[in-house]
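Good morning, everyone, and thank you for making time for this.

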Amino acid sequence: MNKKKFIYLLFLVTAFTRFWKIGEIPAGLSPQEVNFGLNVLGFFGDWVLSPFWIRLPFAVLGTISVFLLYYVVFKLTGDFKTSVLTAFIFSISPWHIQESRIFSLGILIVVGILLAAIVFRKRIGKNLKPLGIVLIVLSFFIFGLSLLKIPQELRVNVDQDRNIASRVETILPARLFSNKFIESYRYRVGLVFENLDIGNYFFKGHPRERWGVEETQKLFIGFLPLLVIGLFKIKRETLLFLAGGFLFAAVSLASFGLRAPTYSLPLLLPISFITALGAKRVLAERKNIYKYLGYLVFFVVLWEFMSFLFSYYSGFEEGRFTPRRPVYEGLVNYTKELDSEEIVVSERLGNPKEYFRFYLKDKNMESYEFSSFNIKEKEDEKGVYIDILPDGAGPSEPLYKKDGKWPEEIDVIGEFYEKNKGQTIVVFRN
Amino acid sequence: MTRKKEIKILIALILTGAFLRIFLLGKFPTGFFRDEAALGYNAYSIWLTGKDEFGVFLPSVFRSFEVFFLPFYVYLSAPIVGILGLSEFSTRLLSALSGTGALFVTYLIAKEVWNKKAALFSTLILTFSSWHIFYSRGTFEGNLALTLFAAGFLFWIKFLKKKDIKHFTFSTLLFALSMYSYQAERLVVFLFAAIAATLSWKLLWKKKQKLILPVIIVIIVLLPLLSLTLKPGGYHRAFGVSVFQEETPPGWVNEEDSSLFINNRVFLRGKQIFALYLSYFSPRNLFIEGDYNTQRSVEDFSVFYAFTLPFLIAGLAKVVKRRRLEDKLFLSWVFLAPIPASLTGDPFHTYRSLLLYLPLTVLIGVGLWVLYDTLKRGYIKSLFLLGVLGAILVNTCFFLFSYLVITPAKYARSWDYGYREIVDFIETLPERKRVVVYDPWTEPYIHFLFYQEKHPSIYHKEVLEMGSPDEYYYDSSDEIRPLGFENYEFRKVDWRKERGDEDTVFVMFAEVLPESEFAGDPKIQLLKVVEYPDGQPAFRIVEVN
């Protein structure tokens with residue numbers, strides 16, 4: 001087997017999926033990307049304020065992480081097939097591709113874990129079982145500590161339940177069965193189990209998408225049978241170590257209330273490895289029926305990979321709660337063309353000052369004012385304003401359209417619809 | 001463990017389970033859902049007249065609300081309702097008894113397939129299972145179907161071991177009866193029979209001559225059901241809720257046409273069904289989130305208690321590794337059970353997938369046995385048992401608190417709470433006036449028939465005025481039902497126009513008729529406000545003079 005060919009192919013696939021159209025896909029920048037750009041502005045100059053340069057470091061790190069993983073697995077197992085399969089699965093997973101193309105804390109964490117694994121690989125390799133036990137014990141410890149941290153919304157739930165309970169029985173059972181500790185326990189356990197949800201990984205959250213959480217395609221369905229096979233093939237000590245690591249990661253995420261896909265990216269490491277073990281087993285199969293089933297699985301993976309590429313690079317993979325705001329680039333460019341001394345931008349747009357600074361490269365900001373306002377109270381203040389009209393807004397909304405018409409007091413000169421936010425950004429003269 | 005001790009433990013578990021399922025059955029769950037009222041009233045109608053609410057004699061399915069309920073629950077409930085009287089308790093009793101019976105059947109299955117320790121652990125888990133207590137306490141035909149299916153499975157295993165034809169006969173009959181009880185079984189039994197026959201073909205071939213008669217009996221039993229399959233009465237329910245009713249599957253990009261890699265309908269639909277199927281095995285749904293519908297939920301609880309996850313994994317690992325015929329059949333049951341539910345668009349519908357939870361409960365029991373047996377020292381075994389019992393007790397107490405206190409208050413609306421109070425009040429009115437009950441779906445009529453224990457002939461008369469039900473009963477899925485009976489009307493109300501209708505009592509949802517709509521009007525008198533358990537107004541009963 002020509003091993004170098006596989007490595008070149010891996011590099012080709014990895015580099016292409018991470019660098020091609022990196023400035024355009026995904027469309028729009030997240031607040032984190034914008035803030036990152038503004039933070040490094042002072043070091044590099046305003047040329048860095050573009051999606052391409054903001055995302056480039058993460059694409060580089062993402063690419064490097066694929067080969068770091070290959071190296072770690074090769075050193076721990078001594079097996080080329082397992083290591084290259086692991087790296088391939090890691091590389092083509094939609095999860096890693098998407099995270100490598102944005103500002104991603106997950107990529108940074110993954111690189112950190114892999115570097116640590118390289119440094120301590122010998123100790124890890126010899127101590128899988130005790131490490132696994134330590135990780136499991138630590139998980140319970142962290143979970144226990146996290147119960148003491150009670151989010152505000154849970155206190156409201158407790159009060160509501162006690163109110164209900166007090167109508168039918170004495171306060172003591174209500175306090176016993178409904179208290180902040182119990183609510184905290186339920187909340188944290190719920191968050192841990194979110195990381196055990198099959199839909200979360202394979203179906204973009206479907207059929208139970210989480211409200212307010214960005215749901216993305218993480219893994220291909222074709223990986224699932226390979227993952228199951230890999231679970232049967234893995235050695236007990238390795239399984240214990242990986243399970244301990246998975247549990248530790250899931251509990252840590254739950255303890256800090258972290259639900260976005262970037263934070264759980266490290267979970268892809270054990271998933272890729274176990275899936276690779278399954279793939280290796282399938283490739284080694286000699287019985288015809290299982291061999292053909294294996295081909296079918298690989299065909300499905302290939303199909304899904306192509307389908308994902310088409311969809312992703314056409315910009316169709318953004319979910320309902322994506323943090324990215326593609327509307328801002330067009331909006332800012334539009335305002336540049338306006339012949340106006342001052343433009344007042346409503347804070348209701350969400351981080352408008354940061355986005356305007358980014359796209360204007362932090363220049364000519366004196367023409368813009370960012371504030372909260374109600375246009376109905378600014379009858380005498382002429383000028384250009386930018387505000388929002390949420391979908392289905394009622395008459396209490398300042399820009400409410402009665403019978404499909406804008407309020408008479410304003411002259412609308414531009415509209416930008418934000419589908420994922422369910423609102424229209426309106427540029428108007430007062 | 002001695003046989004005597006085993007029996008004592010089993011009896012204690014069954015008695016405890018019976019108590020949890022039967023005590024205060026008429027009161028909890030709070031409210032009385034329309035489907036419950038429909039099943040109960042039709043059982044009452046069958047008892048008194050041999051006909052259903054439409055006046056059809058011994059129907060093969062019950063048309064109520066165009067749901068086409070399968071008939072076995074109604075027919076078995078008829079003598080119960082007839083003897084005990086028409087009430088929430090008598091209507092729900094069959095489900096509660098089925099649930100209690102399932103405890104014993106589960107014990108026998110686990111003992112037959114594994115051993116008595118696994119059997120006792122399984123029964124222990126099932127006794128205190130939130131999902132089983134919940135579904136045993138409502139009028140759920142699916143619960144009866146589950147018990148019948150489980151009993152069918154038990155006798156099938158006995159047939160494989162003892163090769164006795166009477167076990168084959170019992171098994172196939174019980175499976176057939178489960179198909180007459182709930183829709184999901186119509187598909188699962190068929191698939192399971194195909195797999196079971198394939199896995200046991202050698203035995204079946206050897207005994208083929210003796211099997212002819214039982215097979216013929218089962219086919220005759222199933223003929224009425226099979227004959228309905230191609231009529232709306234037989235398929236409307238399944239087709240009505242199927243995923244294929246949705247125009248586009250999830251992941252469809254509206255701005256794009258269909259192509260090979262984007263908007264590929266076959267791939268996206270297949271992916272949707274697969275996602276729905278796998279969601280029934282997702283730990284998040286099984287242990288945390290629960291059913292998406294509040295009528296089938298208990299606040300803060302899902303199907304299983306969270307602490308049982310490791311035992312489920314251990315049990316599954318044990319069964320998968322063993323690979324005996326019984327284990328393969330058991331796993332077939334597990335993997336076939338969610339198929340009907342995954343062909344419908346609803347996310348994690350626990351009722352439609354009810355068949356799944358019994359074998360999973362058994363797997364938890366098996367996992368407990370496996371871990372218990374791996375422990376070497378006696379005192380550690382005792383500590384383990386104590387820990388498990390403690391966890392079960394604590395979780396059950398929290399579940400009962402939520403089930404008895406929190407859920408009735410928060411989800412009373414989902415259980416059609418309030419109609420008993422409305423009927424009781426209207427019956428106290430001195431004069432018999434025209435009563436208009438607001439409901440755009442024209443469904444509360446069944447509550448009035450039920451709580452007033454109206455003789456079925458009264459409603460049959462109204463039905464006949466619309467035409468003979470024979471013309472449409474099995475052949476049409478259109479909404480065809482009287483808009484009322486006697487002095488009652490059940491329909492949408494245009495309050496602005498109808499508020500002047502004198503000598504009429506209106507029963508309206510509180511949010512549809514706020515006080516501002518009639519306050520200060522001397523002609524309109526507020527007679528009563530029916531409140532939900534949490535104190536919020538549910539209905540307003542007003543009289544126009």
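Predicted model: local features only at pLDDT ≥ 70, side-chain atom pairs only at ≥ 80, totals over all residues.

Let me begin with a definition: a salt bridge here is a side-chain nitrogen of Lys or Arg within 4 Å of a carboxyl oxygen of Asp or Glu. With that in hand, you can find Arg434(B), Glu489(B), Arg491(B), Glu498(B) and Asp501(B), which are linked in a network of salt bridges.

Residues are numbered from 1 along each chain as its sequence is written, chains are lettered from A and ligands numbered from 1 in the order in which they are written, and side-chain values use heavy atoms, with hydrogens and water left out.

As for pLDDT, it is the predictor's confidence in each residue, from 0 to 100. Chain A has an average pLDDT of 91, and 98% of its residues score at least 70.

Returning to salt bridges, the count over all chains comes to 48. One of them joins the side chains of Arg92(B) and Glu36(B), at 2.8 Å from N to O. Because Arg92(B) lies in helix 4 (residues 88-113) of chain B and Glu36(B) in helix 2 (residues 34-49) of chain B, this pair ties together parts that are 56 residues apart in sequence; helices (H or I, at least four residues) and strands (E, at least two) are DSSP runs, numbered from the N terminus.

Are Arg92(B) and Glu36(B) buried or exposed? Both are buried, where buried means under 20% relative accessible area, exposed over 50%, and partly exposed in between, with a 1.4 Å probe and protein chains only.

Another salt bridge is formed by Glu112(B) and Lys161(B), whose closest N and O atoms are 3.8 Å apart. This pair also links distant parts of the chain, since Glu112(B) is in helix 4 of chain B and Lys161(B) in helix 7 (residues 141-162) of chain B, 49 residues apart. Here Glu112(B) counts as buried, at 16% relative accessibility, whereas Lys161(B) is partly exposed, with a relative accessible area of 39%.

Now let us turn to the sheet. In chain B, six strands form an open sheet in the order 2-3-1-4-6-5, with mixed pairing; two strands pair if DSSP finds at least two bridges between them. Strand 2 (484-485) and strand 5 of chain B stand at the edges with a single partner strand each, so one side of each is left without a neighbour in the sheet.

Strand 1 (residues 434-438) and strand 3 (residues 488-491) of chain B pair in the parallel sense over four bridges, and there Val437(B) stands opposite Phe490(B) of strand 3. By contrast, strand 5 (residues 524-531) and strand 6 (residues 537-544) of chain B run antiparallel and are joined by seven bridges, with Val530(B) having Phe539(B) in strand 6 as its bridge partner.

What do strand 5 and strand 6 of chain B form? They form a hairpin with five residues between them, and Gly535(B) in the turn has a positive phi of about 95 degrees.

That is where I will stop, and I am happy to go back to any part of the picture.
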